[in-house]
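Trainee: I have a new model on my screen and would like to go through it with you. Can we start with the strands and work outward?

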Amino acid sequence: MSDSFLPFIANESSSRRKQEHLRTVLNEDVGFKGVSTGLENYQFIHQALPEVDLDGVSVTAALFGKALNAPLIISSMVGGIDAARQLNRNLAQAAQAVGVAMGVGSQRVGIDDPGTAPTYKVRDVAPDILLFANLGAVQLNYGYGVDQCRRAVEMIGADALILHLNPLQEALQPGGNTNFSGLLGKIEKVCRELPVPVMVKEVGCGISERAARMLVEAGVAAIDVAGAGGTSWSEVERRRTHTEMDKNVAAAFASWGIATADSIVMVRRCAPGVTLVASGGISDGVDAAKAIGLGADAVGVAAPLLKAASVSAESAVLALQEIIKGMRISMFCIGAANLKELKGTPWLRKKERR
Ligand SMILES: Cc1cc2nc3c(=O)[nH]c(=O)nc-3n(C[C@H](O)[C@H](O)[C@H](O)COP(=O)(O)O)c2cc1C
């Protein structure tokens, strides 16, 4: 996540923040309270006569000109601290072995302290994957510009840049960067001048129809909704803050955000042509298939894969394979032989309220 712009001390506190985020996400319940992804409100209508061969069900995809064995992205998470080095390498090895994409965590620390750049670098273990660099969009209001974006991309040999939007998290975290005014024009400039595509994502509160329309007009190549229902950053920050008041304020946001399913539908409705990634609380193949059935082109998964990668690269491979297997069986049971057929399936329905 992006951090406060106080050149020297901030670097130290950025690393500490990252460390605390990692520890909190790995050890505590930081799920939303009272909000879910909304994907449970949708149901595939089972087809007992699917008329396809499971062995022939293909989940291959292409994103930003790179072939993927499955439409999955390991969402941006860590970097800049010692523990991140092995985690990123485990995630990257898994992505390379399975043939999926991956993003590294915010590279703010790596830009401000180039000595930490190795904690983000994974190309030696993942030469072929679609790899995303990552910076907080709000940094564009705190001294960053196209140059820092280019350096983030070059630092890791990325194919594209993710700019994350996290107003709620910045507002809740001590010393957060909360000046989000006039950001759109700066995002537009990055889209225009950076030599690689730019994807914009939230971090767990979803993208509204209005935000999507603005981002598409700014020229973003893709949007990742990162909706509500999975990791809640207000819950993460609630665990980290020290004053009673800050804890109470954070607690009041435990159900804030646009549910992942609603955000997918909203963004797809207003931006039919944009490359759309669904993420936020997706951890199994059925939900991944539903997200694509609702109009996403690919699916992102963060915390569940971090937990697997904290064990080993092999655990992360197994976690990815489990999602893919569930996705392929879902497609088989509705007679969708490939992602195009899944995206256009007539067999995904909103459940009727009883
Ligand atoms: C430990 C951790 C660190 C994260 N750091 C970043 C980050 O630096 N940049 C970013 O764009 N998103 C970051 N995220 C947000 C995720 O990419 C994702 O959008 C969010 O966690 C929702 O996905 P999930 O429900 O599958 O965890 C982070 C998530 C976790 C769990």
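Trainee: How many of the residues of strand 7 are buried?
Mentor: Keep in mind that this is a predicted model. Strand 7 is mostly covered. Of its five residues, the number buried is five.

Trainee: Which residues of strand 7 lie on each side?
Mentor: Both faces of strand 7 are covered. Leu161 and Leu163 are buried on one side.

Trainee: Which residue of strand 7 is the bridge partner of leucine 135?
Mentor: Strand 6, residues 131-136, pairs with strand 7 in the parallel sense over five bridges. For leucine 135, the partner in strand 7 is leucine 163.

Trainee: Which residue of strand 8 is the bridge partner of isoleucine 162?
Mentor: Strand 7 and strand 8, residues 198-201, run parallel. Four bridges join them. Isoleucine 162 has its partner in strand 8, and that is methionine 199.

Trainee: Is strand 6 mostly covered or exposed, and which residues point each way?
Mentor: Strand 6 is mostly covered, with six of its six residues buried. Leu131, Ala133 and Leu135 point one way. The other way point Phe132, Asn134 and Gly136.

Trainee: What is the bridge partner of methionine 102 in strand 6?
Mentor: Strand 5, residues 101-103, and strand 6 pair in the parallel sense. Two bridges hold that pairing. In strand 6, the partner of methionine 102 is leucine 131.

Trainee: On to the ligand. Which residues are the closest to it?
Mentor: The ligand is surrounded by 26 residues. They divide into twelve nonpolar, 13 polar and one charged. The closest are Ser75, Ser106, His164, Gly230 and Ala302.

Trainee: Which element gives the most to the shell around the ligand?
Mentor: Elements that give two or more residues to the shell are helix 1 (7-27), strand 7 (160-164) and helix 12 (303-309). The one that gives the most contributes three residues. That element is helix 1.

Trainee: Now helix 10. Which elements do its buried residues pack against?
Mentor: Helix 10 covers residues 260-270, and eight of its eleven residues are buried. Among the buried ones are Ile264, Met266 and Val267, and also Asp262 and Arg268. They pack against strand 1 (42-44), helix 7 (209-218), strand 9 (222-224), strand 10 (275-279) and helix 11 (285-293).

Trainee: Where does alanine 313 sit, and which residues is it in contact with?
Mentor: Alanine 313 is in helix 13, residues 313-333. It has 21 C-beta neighbours inside 10 Å, so it counts as buried. Its C-alpha atom is separated by 9.5 Å from that of alanine 97, 216 residues apart along the chain. Leaving aside neighbours within four places in sequence, its contacts are Asn90, Gln93 and Ala94.

Trainee: Is glutamate 51 buried or exposed?
Mentor: Glutamate 51 lies in the loop between strand 1 and strand 2 (61-63). Its phi is near 60°, a positive value in a residue other than glycine. It has 7 other C-beta atoms within 10 Å, so glutamate 51 is exposed.

Trainee: Is alanine 226 buried or exposed?
Mentor: Alanine 226 is found in the loop between strand 9 and helix 8 (233-240). Its phi is positive too, near 35°. Most residues other than glycine have a negative phi. With 32 C-beta neighbours inside 10 Å, alanine 226 counts as buried.

Trainee: Last, the whole protein. What is its radius of gyration?
Mentor: The secondary structure comes to 14 helices and twelve strands. The globule rule gives 20 Å for 354 residues, and the protein comes close to that, so it is as compact as a globular protein of that length. Its radius of gyration is 19 Å.

Trainee: What percentage of the residues in the protein is buried?
Mentor: The C-alpha atoms fill a box of roughly 65 × 45 × 40 Å along the principal axes. Of the contacts with a separation of 6 or more, 79% are between residues 24 or more positions apart. Buried residues make up 51%.

How values were computed. Residues numbered from 1 in each chain as written. Predicted model: local features only at pLDDT ≥ 70, side-chain atom pairs only at ≥ 80, totals over all residues. Near = placed C-beta within 6 Å. Nonpolar A, V, L, I, M, F, W, Y, C, P; charged D, E, K, R; others polar. Buried ≥ 20, exposed ≤ 12 C-beta atoms within 10 Å, placed from the backbone. Contact = placed C-beta atoms within 7 Å. Rg over C-alpha atoms; globule rule 2.2 N^0.38 Å. Pairing = 2+ DSSP bridges.
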